[in-house]
Amino acid sequence: MIISTLIRERNGTPDPRAGRGAAGEAGRAAAEIRSLLAERRIAKGWSQCDLAHELFTLSGNGSVTREDVSRWERGKRIPGPYWRHWLSDVLDMPCHDLDAAASVAREHRRARRD
């Protein structure tokens, strides 16, 4: 919880737990995908290697590594639709939340370039 708070403060991302009801859900959707992935992984007590292994086990695709997970969580890369689908299953979260978070991350990237 402390790590996710520090990540949000550093990146200016709103706290997804802020507010109640629809306002809380809007805050969660506004979070970047890197924050969601790290928060959910840590809540499950997994390392980045554990998450990569779970993705491999469920998908049968061994191309994802701990380094990929690290890049996603640092915002260096945004997982594509294929991996977002599997992340949704592994992390027990709706795929549309990850899709919305990926959109937010892409918007932040565009804003930084301009």
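Lys 76 is exposed, with a relative accessible area of 54% (exposed means over 50%, buried under 20% and partly exposed in between, with a 1.4 Å probe and protein chains only). This is a predicted model, in which local features need pLDDT of at least 70 and side-chain atom pairs count only at pLDDT 80 or more, while totals for chains, interfaces and linings use all residues. Residues are numbered from 1 along each chain as its sequence is written, and side-chain values use heavy atoms, with hydrogens and water left out.

**Loop residues**
- Lys 76 sits in the loop between helix 5 (66-74) and helix 6 (81-90), helices being DSSP runs of H or I with at least four residues, numbered from the N terminus.
- Asp 92, in the loop between helix 6 and helix 7 (95-113), has a positive phi near 55 degrees although this residue is not glycine, and Asp 92 is exposed at a relative accessible area of 53%.

**Aromatic pairs**
- There are 3 aromatic pairs, counted where ring centres of Phe, Tyr and Trp (its six-membered ring) lie within 6.5 Å, with planes under 30 degrees apart called stacked, over 60 edge-to-face and the rest tilted.
- The rings of Trp 72 and Trp 83 have centres 6.4 Å apart and planes at 45 degrees, so this pair is tilted.
- Because Trp 72 lies in helix 5 and Trp 83 in helix 6, the pair ties together parts that are 11 residues apart in sequence.
- Trp 72 is buried at 6% relative accessibility, and Trp 83 is also buried, at 13%.
- Tyr 82 and Trp 83 form an edge-to-face pair, 4.9 Å centre to centre with 85 degrees between the planes, and Tyr 82 is partly exposed at 40%.
- Ring pairs link Trp 72, Tyr 82, Trp 83 and Trp 86 into a cluster.

Conventions: Helix = DSSP H or I, 4+ residues; strand = E, 2+ residues; numbered from the N terminus.
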